Amino acid sequence: MNGSKFSPLFPKQTRRAFLRSSSALIALPFMESFGAKRFEYAAPLKGATPPTRMVFLGFGWGVTKESWYPDLNTTGSHYELPRGLRGLQRHKDDITIIQNLTNQFSNEAHWGSTFYLTGANRYAEPGQSFYNSISVDQVAAETLGKETRFTSIQLGCDNAEGSGHGPGLSMSWNRQGKPIAGLDTPVAAYHRLFSDSNTPLEEQQAMLRQKRSVLDTVLENAKTMNHGLSKIDNDKLDEYFQSIREIEVRLSKEEKWLDVPKVQPTDPLEEPQGDIEGFEEVKLMYDIMVAAMQVDATRVISYRQPVDTFIRSLGATITGHNMSHYTNGSRLSVSEMRDEKQTQLFAYLIDKLKATQESDGSSLFDNISLSYGSNIESIHYLKNCPTIITGGGAGVKHGRHLVMEDPKTPLCNLWLSLLQGSGIQADSHGDSNGVIEELFV
Amino acid sequence: MKLIRHIPLLVFLCLGTGLYAVEAPEAILPEKHFEFLNAYCLKCHDSVEEEGGVNLEDLSFNLDSIETAELWQKALNVMNSGEMPPEDEDQPEAEPKTDFLADLSEQLVLARKILSDSGGVIAMRRLNRREYENTIEDLLGVTINAAELPKDASTGSFDTVGASLFFSSDQFEQYLKIARRALTVALAAPETAEPQRYRQQSEDAINKMVQNRYAKLLDGKTRGEQWKVSGKSPTEFGFIDEARVKFEAGLFERDGVGYEHYLTLPENNTGAVFFATWNGAMTDSITLPKSAPPGEYIIRARVGGFESAPLHRRFLEIGTVESGARPGELAILDYRKISGSYDQPQIVEFPITVTPSSSRKIGVRERQHNNRDAARSILRKARDRDVPLEDPALWIDWLEWEGPINVQKRTAFQNRIFGNDPVEPGNDKYVRKTIQRFSRQAFRAQESSPSFLDKLVSLYRDRREAGDSFRDALIEPLAVVLASPAFLYLKEPQPGDQQRELNDLELAVRLSYFLWSRPPDAELYKVARNGHLKTPAELKRQTDRMLEDPKAWEFMSGFTSQWLHMDRLDFFQFNYEWYPEFDDSAKSAARNEIYHTVRTLLNENLSIGNLLKSDFVVINDLLADYYGIEGVDGHQFRKVKVPKGLPRGGLLGTAAVLAMGSDGERSSPVERGAWVMRKLLHNPPPPAPANVPQLSRLADEMLPARELQVAHMEEPQCAQCHRNIDPIGYGLENFDAAGKWRSLERIVSNHKKVEDAWAPIDPSGSLPNKTTFRDYYELRDQVAEYEGDFARGLTEALIEYGLGRPYGFTDYDLAEEIIQQTESENFTARSFVHALVQSKPFKQK
């Protein structure tokens with residue numbers, strides 16, 4: 001393998017020295033400082049066009065309708081941010097709020113994420129009571145994820161149902177419409193993205209070989225299972241085959257990356273300790289996301305955020321579900337506080353993206369397409385999905401409040417627009433019936 | 001295989017006749033509603049105008065395709081949300097609109113059911129988390145925690161429904177990881193399982209901690225006082241500034257005062273009393289060292305109670321201390337009532353299981369809400385009365401652990417896979433034999449292909465070459481067996497399209513996963529191997545035997561919790577100030593009451609009508625205190641006659657069901673009424689529709705729950721269902737959110753300056769058929785008349801759980817057959833299980 005070719009570039013001592021010298025936020029000096037040649041998996045060289053990223057944030061339970069949505073009559077750039085979004089004031093020129101987007105098939109008032117990125121109809125498959133299709137982030141990952149260590153990353157939280165996300169293991173669903181598991185704590189996310197194994201390279205290669213033999217062995221077993229199964233059972237077993245194939249693909253990628261240590265972010269992240277819940281958890285996940293993109297570990301991220309622990313960390317004693325059924329009184333004030341605090345964190349994320357420089361002098365913000373929202377509008381309304389997009393990655397002209405003329409414009413039109421804007425070949429997504437031209441003019 | 005060949009024809013014939021027996025169900029919107037459409041919709045949405053591309057004139061009233069259902073769903077949605085008819089058009093009267101909406105939503109539910117019907121197919125199923133955990137335990141004698149695996153499907157069906165049990169690549173890796181850990185324990189040399197015992201004197205552990213903290217606080221306070229009179233800079237006394245002096249004085253006031261009091265108590269010289277402090281509930285804990293392997297342990301404590309404390313506090317709770325838990329919070333495992341006193345303490349024992357991944361720090365404390373804030377509120381209340389700490393309820397002398405015990409299971413595993421061979425290696429032939437034995441057990445008596453075994457042996461060899469010991473090198477191949485599809489899926493081949501009868505072995509597996517959620521035991525395998533299982537008499541004998549086995553608890557709890565939607569019990573945290581007694585232990589007891597009731601019905605073969613109304617309850621000491629029933633001593637659940645005048649007996653009077661119908665603060669007549677319709681009357685209301693405008697006209701007013709619901713009747717969208725739901729719930733208003741009897745309802749004020757109010761309760765109401773009742777007792781009597789409907793609901797749930805496919809119209813014949821059979825046996829609990837097990841669909845793929 002080419003292991004020996006590159007590994008001397010990263011002797012332990014040098015890396016540590018590098019880490020020590022890089023506590024400030026500076027442009028990625030990583031490869032340059034070692035005088036390395038660009039090789040196919042590395043972060044791009046100075047001056048090269050930085051890659052496009054796509055990030056999708058989902059926040060489960062809907063927002064406080066009255067204080068989150070801007071006035072419908074004030075579209076374009078002349079609009080005011082309502083109380084729930086006021087924390088975004090400093091980024092007002094760099095965000096777009098879109099109203100009247102909806103997933104037409106959504107009928108489950110407690111499922112804020114299940115179909116959010118897919119637009120699927122749960123009853124689409126005769127003889128089945130649940131069906132889903134690929135989520136937009138996974139479509140993006142098929143193109144954007146080729147060159148990074150992680151094709152895509154799914155972040156999540158514990159007790160997603162209590163946070164109004166509905167069934168699923170993360171926001172993401174694969175080509176077969178099956179759920180993709182997420183990293184549900186900052187600790188898990190941190191280790192997946194940044195912790196290197198201390199095992200020597202040869203041993204790691206041996207482990208990879210062993211993993212391959214393991215896959216080979218279970219496939220042998222699966223093949224004998226295959227005989228005589230009915231069509232439906234075969235489909236079930238195919239999920240197994242599919243999973244093994246996915247691991248194989250991942251292993252091949254892992255193998256390519258085996259001799260490349262995980263790049264540490266220039267703005268060092270402390271290893272998260274113990275259970276961090278709610279507000280701090282989201283903030284930390286944002287830090288991890290930015291760091292992951294800064295070192296180009298992945299270009300596609302979805303994040304299913306906590307709500308239940310989020311409001312509890314703000315001092316609320318009610319559940320997220322209770323909050324979502326707000327009426328005047330304490331439930332309403334919790335709901336409003338939740339909006340404000342979430343907005344504050346979202347603004348913080350944008351700050352970070354803007355402050356993170358890319359190798360060509362642009363910022364991470366310039367190269368990302370970021371969306372923020374939920375399938376649930378408010379209480380148990382599913383019509384006008386709360387939607388904010390930001391970032392320069394998809395070529396959207398920001399600073400506006402767009403109200404779609406058709407009150408039932410497919411949310412998938414937005415996903416399709418962002419895909420196309422990010423240079424991804426796609427003719428449709430979910431139930432899309434076109435792109436949203438207004439975004440780009 | 002030979003035996004089976006001629007059978008499919010037979011099955012086909014039977015199925016054929018079945019088809020004639022029942023008319024295919026149809027979802028049809030009653031023709032009368034055409035008038036309604038004509039009056040309010042067709043002006044724009046007829047075949048000429050087709051406004052918005054919607055043509056309701058030509059849309060079939062027969063909801064027989066996904067497309068038609070989808071269009072009607074849209075029509076329902078826009079009417080529910082109030083979009084249609086548009087504001088400036090004629091609006092329908094409330095009543096016809098209500099009727100139209102009610103019929104349309106009902107027919108849509110029906111249509112969804114028809115369109116998603118399984119057609120009698122049972123999809124191959126993966127072991128769900130419970131089954132996986134149990135199966136590993138059976139095989140290896142090691143208990144694992146499957147909560148690490150991704151959650152099984154939660155799309156509304158049972159966790160045994162194969163079609164909803166997905167598989168993902170992450171899952172595969174988790175399976176391997178869990179199996180490796182469990183095998184490391186299972187394969188360890190026998191001497192690692194020598195039991196040990198360790199006792200810790202509570203005063204040693206706790207007093208030192210209290211003394212240290214107190215000394216620190218006192219020092220801060222003393223230095224502060226010295227500074228005050230000195231006239232010098234605070235820094236000379238070790239304070240950064242004046243604010244810090246104040247802060248430390250405050251700390252002493254908050255914590256030090258309590259500790260000071262604590263240290264003066266004579267009881268703490270020989271043990272420790274439990275207190276609620278600002279830093280959470282005081283907990284005595286003990287940590288199992290690494291040298292103690294995962295397995296079963298006994299935790300013992302010598303404890304006494306103070307008679308001055310209320311009954312509900314005189315319980316000891318035990319739990320694990322999880323990483324990241326706040327001080328005083330435990331993951332509760334169990335509880336025990338303490339009848340001993342400080343002068344005559346008692347020794348309580350908790351059997352616990354330590355899994356390879358569980359926390360090894362075990363804590364005990366006084367029973368209370370598992371929440372630091374709750375402890376703070378107890379302290380605050382004591383301070384309000386000028387008491388340094390709330391009076392204690394329990395005193396502990398010592399805490400000890402002993403184990404592992406019952407290691408026979410582990411030894412049995414090693415005996416099984418190594419057989420009579422010497423345990424140490426071993427050429428490849430020997431290893432191959434070992435692996436073969438193991439996979440035969442893991443694959444539920446199925447043989448593996450030689451090439452699969454070859455690959456497993458070479459995995460072993462690779463590990464040996466890498467330097468692993470014989471035992472360690474076995475871990476990988478055996479873990480791979482436990483991540484293989486033949487282990488993870490319950491395979492029932494079906495070549496061709498026709499259904500076929502299961503063979504004896506397959507039937508044994510299906511039966512044991514139905515009743516035990518784990519593989520067959522030796523006897524069941526034996527009967528299957530001898531080819532006797534399929535005879536009705538033997539099948540019945542085995543079913544009875546299995547129901548009487550403790551393993552059937554999996555069925556009683558696993559089925560019942562999903563059937564009755566008991567996950568709702570975990571939806572809400574209960575308010576600790578209003579419901580101090582309804583803590584985690586009470587919740588657990590309430591949940592177990594339901595399972596133990598089902599168990600009693602099965603064990604004594606009583607009628608399921610007892611779930612609607614009975615003269616007994618199945619409770620333990622904690623619940624007896626909770627319900628106010630005297631003379632029930634001991635932790636175990638047992639049948640107790642309901643004393644005269646108490647409202648218990650039947651599901652409607654259980655704390656669990658009542659608590660499920662609340663949000664942890666207020667009772668919810670809607671949730672309770674809907675649950676009764678779904679689970680007891682077999683008349684489920686359609687799911688709550690999205691986009692219906694929320695009624696907040698009365699939300700800000702301080703009204704009893706009943707009066708708040710009145711708003712539901714004002715809008716047709718709401719009235720269509722709530723006119724049936726809410727009036728049932730009113731009959732249960734005499735129970736508070738935590739299921740205790742009340743005659744006044746507390747109405748909590750949303751405003752700080754307004755006091756809470758108390759309103760008298762009106763428990764009268766009606767059932768959907770408009771029969772009225774005056775109070776809870778009459779409601780319960782009337783619900784008891786619905787035994788047949790209740791039986792049908794149970795039957796449908798049982799079919800879904802047992803066959804592993806969503807109950808659909810295909811299963812209508814089967815349900816009918818089961819109900820006829822069970823009715824003739826007075827709806828006894830076992831008759832349901834027998835009727836399903838003896839039915840044709842249960843025995844065929």
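**Conventions.** I worked on a predicted model, in which local features need pLDDT of at least 70 and side-chain atom pairs count only at pLDDT 80 or more, while totals for chains, interfaces and linings use all residues. Residues are numbered from 1 along each chain as its sequence is written, chains are lettered from A and ligands numbered from 1 in the order in which they are written, and side-chain values use heavy atoms, with hydrogens and water left out.

**Interface.** I looked up the contact (heavy atoms within 4.5 Å) and found 66 residues from chain A and 70 residues from chain B. The buried area (accessible area, 1.4 Å probe, that two parts lose on being put together, summed over both) is about 5800 Å² between chain A and chain B, with 55% given by carbon and sulfur atoms. On the chain A side, A:Met225, A:Lys236 and A:Tyr240 lose the most area to chain B, together 11% of what that side buries. I counted five salt bridges between chain A and chain B, where a salt bridge is a side-chain nitrogen of Lys or Arg within 4 Å of a carboxyl oxygen of Asp or Glu. A:Glu220 and B:Lys455 meet through their side chains in a salt bridge at 3.4 Å, N to O.

**Helices 20 and 21, chain B.** Helices here are DSSP runs (H or I, at least four residues) and strands likewise (E, at least two), numbered from the N terminus. Axes are lines fitted to C-alpha atoms, for helices over the stretch in contact, with angles from 0 to 180 degrees between N-to-C directions. The axes of helix 20 (residues 553-563) and helix 21 (residues 584-603) of chain B come within 9 Å and cross at roughly 125°. That angle makes helix 20 of chain B oblique to helix 21 of chain B; angles under 35 degrees count as roughly parallel, over 145 as roughly antiparallel, 65 to 115 as roughly perpendicular and the rest as oblique. Among the residues that meet are B:Trp553 and B:Phe555 in helix 20 of chain B and B:Tyr595 and B:Leu602 in helix 21 of chain B.

**Backbone.** I found a cis peptide bond joining B:Gly403 and B:Pro404, with omega about 0°. B:Pro404 is in strand 12 (residues 394-405) of chain B. B:Arg444 has a positive phi, near 55°, in a residue other than glycine. B:Arg444 lies in the loop between helix 13 (428-442) and helix 14 (450-465) of chain B. Most residues other than glycine have a negative phi, and most peptide bonds are trans.
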